[in-house]
Amino acid sequence: IKPIDNIIKLADSTDLQNNTDVLEELQGKDELKQLTTSFNRMIHRIKEQSVLQNTFFASASHELRTPLSNMQTRLQVLLADENITDDFKNTYREQLSDVKRMVAMVNDFLLMSELQNGNVKVEKTPCSLSDMITEIISRNKDLKNERGLSFKISFNPQNADFTIDADEDKLKIIFSNLILNALKYSRDNSVIEISLEKSENNSVKVVLKNEIRERINPDISTVNKSFYHSKPLQGEGSGLGLWI
């Protein structure tokens, strides 16, 4: 029964993100040979469907980026007009906020497709982590103020240079997702702590701590799965931020 046991183990461990191995083909023409062949065909079909899904996400995201960017630009131009009434300004601000959320979601879908297909290109340049994190916090100051949150940033050593050789755009996505996640789920009027520590070998460790606003008790082992959310989605994200 060892071949059957192998099929059971592989079926239990099959996961599009981590494991899509196929079984070794058996010799002979018995039922086990047919079962193994059928199982392998199923795995191949799942792989093909996954590729098609990723291709769709990438194509749809590319198609949506241009009109959304145009909408965002037009709304920003309208808001810059000093002659419009406050009612129109409030309407435009709400629309701009919605468009920005859609742009962020589309960018996440596009990056998800690139990550799953192994098409992400990394271009390293010197970039300052301290400047980057400060910029991201400043960019989300409205959400921070709305929740009464504050940031405590510490550097160790205090006068160290936290410039590293990395892909700045990719790092911005990572830190933006982490900081935005903290802003969304922190308890109101609490403090979000960010510490940057440089070791003797010039490696840098970044730690972010926040007090969650409710006991969502996420299963840490599933955080690395796309679309995972620690609770049912209620308009609070696509479940891609931490995965990315």
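This is a predicted model: local features need pLDDT of at least 70, side-chain atom pairs count only at pLDDT 80 or more; totals for chains, interfaces and linings use all residues.
Q: In what order do the strands of the open sheet lie, and what is the pairing?

A: Strands count as paired if DSSP finds at least two bridges between them. Here three strands make up an open sheet in the order 2-4-5, with mixed pairing. Strand 2 (150-156) and strand 5 (204-209) are the edge strands, each pairing on one side only. From one strand to the next, the twist averages 10 degrees.

Q: How many bridges join strand 4 to strand 5, and do these strands run parallel or antiparallel?

A: Strand 4 (residues 191-198) is joined to strand 5 by six bridges, and the two run antiparallel.

Q: Which strands does helix 4 lie across, and which does helix 6 touch?

A: Angles between axes run from 0 to 180 degrees and are taken between N-to-C directions. Helix 4 (residues 129-139) lies across strand 2, strand 4 and strand 5, and runs at about 165 degrees to strand 4. Helix 6 (residues 168-185) also packs on the sheet, where it touches strand 2, strand 4 and strand 5. The direction of helix 6 makes about 20 degrees with that of strand 5.

Q: Which residues make the nonpolar surface patch, and why is Ile8 classed as partly exposed?

A: Ile1, Ile4 and Ile8 make a nonpolar surface patch of about 340 Å². Ile8 belongs to helix 1 (residues 2-13). Partly exposed residues fall between the buried class, under 20% relative accessible area, and the exposed class, over 50%. Ile8 has a relative accessible area of 45% and is therefore partly exposed.

Key
Residues are numbered from 1 along each chain as its sequence is written. Side-chain values use heavy atoms; hydrogens and water are left out. Helices (H or I, at least four residues) and strands (E, at least two) are DSSP runs, numbered from the N terminus. Contact means heavy atoms within 4.5 Å. Patches are made of residues with over 30% relative accessible area and no salt bridge: like charges are joined within 9 Å, nonpolar side chains (Val, Leu, Ile, Met, Phe, Trp, Tyr) within 5 Å. Accessible areas come from the Shrake-Rupley method with a 1.4 Å probe; for residues, only the protein chains shown count as cover. A salt bridge is a side-chain nitrogen of Lys or Arg within 4 Å of a carboxyl oxygen of Asp or Glu. Buried means under 20% relative accessible area, exposed over 50%, partly exposed in between (1.4 Å probe, protein chains only).
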